[in-house]
Amino acid sequence: MEPITIYKGKTAVLNRANVDTDQIIPKQFLKRIERTGFGQFLFYNWRFNDDGTEREDFELNRPEVKDSTILIAGDNFGCGSSREHAPWSLLDYGFKIVISSSFADIFHQNCLKNGILPIKLSEEELEQLMEEAQVPGYALEVDLPNQVVKSDKGFQASFDIHPYWKEMLVNGWDEISITLQYDGHISEYEKKNKAVTV
C-alpha cells in the first residue's frame, strides 16, 4: 500500500446521506475474484444511464471533479452490507481519502485495512467544507502525522485516528506487512522446530 503522510489532492463532493455499499459498488459486479478493476463500476447506477453513457447530472461526472482523489461525502457513508469491494472500488477509481461526519463501522475498518484514510469531522465542519468545496478545482491538504485537514481557502479541522491505524497508513503497511516484519524470527523458529516425519 502507498504511505499517507502529507497528502494533497483535488476533491469531489457527494452530498448524499446514507450512501450504502450497494450504491458504492452494486452487487452484480461482485463476481470478480481480484481486488482491482472495480473502479469502473463505482456508483454505477448513479454514474451511468441504461445505455452505458454517463449521466450529466451525477456529481462525480462533472468535468471539474475528474481525477479527484479526496471524496467529501454525506453522513453515514458506507452503511449496508459489509462488502470489502466498496473500498476496493473507491481506491481503484482513485480516491485515497474519504471525509464524512460518520461512517458505518465495518466500512470504516475495511477502508483502513485497504489503505484509504477515512476522516470523520463534525457535522458543522462537514457542512462548512462542502460549501467551500463547490469552487472548481478545490483541493485539500491532509497531514496525517499531525491529524489535520486544511485548504488554502481557510478551512482547517483536526481529526482522530487510532494510533495503530495511523502507524499502518503512514508506513503503507497492511496486516501481511506486519507479519513479514517478523520473517527472520519465523524462519529461525522453523529451523529450530522442524516437523518430524514418520
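1. K66 forms a salt bridge with E54, with 3.3 Å between the closest N and O atoms. A salt bridge here means a side-chain nitrogen of Lys or Arg within 4 Å of a carboxyl oxygen of Asp or Glu. K66 is partly exposed at 27% relative accessibility, and E54 is partly exposed at 37%. (Buried means under 20% relative accessible area, exposed over 50%, partly exposed in between, with a 1.4 Å probe and protein chains only.)

2. A word on the source. This is a predicted model: local features need pLDDT of at least 70 and side-chain atom pairs pLDDT 80 or more, while totals for chains, interfaces and linings use all residues. Residues are numbered from 1 along each chain as its sequence is written, and side-chain values use heavy atoms, without hydrogens and water.

3. The structure holds 8 salt bridges. One of them joins E141 and K8 at 3.5 Å, N to O. E141 lies in strand β5 and K8 in strand β1, 133 residues apart. (Strands are DSSP runs of E, at least two residues; helices are runs of H or I, at least four; both are numbered from the N terminus.) K8 is exposed at 60%. K8, E141 and K150 form a network of salt bridges.

4. R83 and D22 also meet in a salt bridge, at 3.0 Å, N to O. R83 sits in the loop between β2 and α3, D22 in helix α1, 61 residues apart. R83 is buried, at 14% relative accessible area. D22 is partly exposed, at 27%.
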